[in-house]
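Dear colleague,

Please find the structure below, followed by a summary of what was found in it.

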Amino acid sequence: MTAKPASVSRNSWIAPSILSADFARLGAEVEAVIDAGADLIHFDVMDNHYVPNLTVGPLVCEALRKHGITAPIDVHLMVRPVDRLVADFAKAGASWISFHPEASDHVDRTIALIREHGCRPGLVLNPATPLAWLDHTLEQIDLVLLMSVNPGFGGQAFIPATLEKIRAVRGRIDASGRDIRLEVDGGIKVDNIGRVAAAGADTFVAGSAIFGSRDYAATVRAMRAEIAAAG
Ligand code: DX5
Ligand code: ZN
C-alpha cells in the first residue's frame with residue numbers, strides 16, 4: 001500500500017474567492033460564505049499590468065474588516081511591483097499575503113517584508129512557472145499557491161497538468177518538515193476537488209463554483225465530502 005500524502009489527514013481549508021461575489025453586496029456575500037463554512041476569504045488583487053484585469057485594493061479589504069469580518073483574509077497579489085502594497089494590505093487587515101515571484105525584483109526581500117508587517121507570506125506559481133522558485137524560498141514562506149489556471153479571470157477551466165505539480169510540491173513541503181499550506185487556485189469545482197486533495201493540496205480556492213451556486217453551504221459541504229472521500 002502506498003503512503004497517503006500528509007495533507008489528506010490534515011485540516012483542509014476552503015477559500016472562496018471574492019472575484020465571483022456580487023461586489024455591490026460584498027460584506028453580505030463574505031458573511032454568507034463564512035456562514036456556509038468557509039475557512040478563509042481569498043482576496044484577488046489585479047492591477048491591469050501584471051494581469052489583464054483590474055479588481056480591488058486595500059480599501060476594500062479594510063472595509064470588510066470594518067464590516068466585522070474576522071475570518072482570515074488571504075490576499076493574492078497579481079500586481080507589479082509588489083512591495084509598495086504589502087504595508088497597505090497589512091494595515092488593511094490582511095492575514096496572508098501571496099505574490100508572484102516574477103513580479104518582484106527581490107523575492108527574498110518581499111517575503112521578509114510581508115512577515116515584518118505581521119502577515120504570513122506565500123509564493124504563487126503560475127501554470128508555466130517552474131518549481132525552482134521554491135529552491136531558496138521554501139524555508140521562508142508559510143504558503144505555496146499553485147495556479148491551476150492562468151491568472152486574471154474567474155471561471156476558467158482547471159489545467160490538469162497542475163496535479164503533477166501539486167504532488168511535487170507536496171513532496172518538497174513534507175521533506176522540509178515545515179508547516180506550509182499548499183493552496184490551489186483556479187477551476188476548482190465539486191467534481192475535481194477530490195483529485196486536487198488526493199494530489200496533496202490542503203487549501204482550495206473556489207470562486208465561481210461557490211458564488212455561482214444557489215446554496216453556498218451545500219456547495220462547501222459537497223466539496224468537503226469529496227475531500228474526505230479522497231483521503
Ligand atoms: C484567478 C484568480 C482566482 C479566481 C478563481 O486569477 O486568482 O482566485 O478567482 O476563480 P474560479 O474558482 O472561478 O476559477
Ligand atoms: Zn486567486
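**The zinc site and its surroundings**

The site of the zinc ion (ligand 2) is octahedral, with angles of 70 to 171° among its six donor atoms. Six donors count as octahedral if opposite donors are over 155 degrees apart and all others between 65 and 115. Donors are N, O and S atoms within 2.8 Å of the metal (3.2 Å for Na, K and Ca); water is not among the atoms, so sites may look incomplete.

This is a predicted model, in which local features need pLDDT of at least 70 and side-chain atom pairs count only at pLDDT 80 or more, while totals for chains, interfaces and linings use all residues. Residues are numbered from 1 along each chain as its sequence is written, chains are lettered from A and ligands numbered from 1 in the order in which they are written, and side-chain values use heavy atoms, with hydrogens and water left out.

The protein contributes His42 (NE2), Asp44 (OD), His76 (ND1) and Asp185 (OD) as donors, lying 2.1 to 2.3 Å from the zinc ion. Their spacing in sequence is H-x1-D-x31-H-x108-D. His42 in strand S2 and His76 in strand S3, 34 residues apart, link distant parts of the chain; helices (H or I, at least four residues) and strands (E, at least two) are DSSP runs, numbered from the N terminus. His42 has a relative accessible area of 0% and is buried, and His76 is likewise buried at 0%. Buried means under 20% relative accessible area, exposed over 50%, and partly exposed in between (1.4 Å probe, protein chains only).

**Ligand 1**

Ligand 1 is surrounded by 20 residues, the closest being Asp44, Gly152, Asp185, Gly207 and Ser208 (a heavy atom within 4 Å). A side-chain N or O atom of Ser208 lies 2.5 Å from an oxygen atom of the ligand. Backbone atoms also take part: a polar one of Gly155 is 2.8 Å from an oxygen atom of ligand 1, and an N or O atom of Gly187 is 2.8 Å from one.

**Helix H4**

In helix H4 (residues 83-91), the buried residues are Leu85, Val86, Phe89 and Ala90. They fall within an arc of 135° seen down the axis, so they line one face of the helix; the arc is that of the directions from the helix axis to the C-beta atoms. The face turned away from this buried side carries the exposed residues Arg84 and Lys91, with Arg84 at 62% relative accessibility.

Yours sincerely

Conventions:
Four donors count as tetrahedral if all angles lie between 85 and 135 degrees; four count as square planar and six as octahedral if opposite donors are over 155 degrees apart and all others between 65 and 115; anything else is irregular. A polar contact is a pair of N or O atoms within 3.5 Å; within protein, one must be able to donate a hydrogen and the other to accept it, and residues adjacent in sequence count only if both atoms are side-chain atoms.
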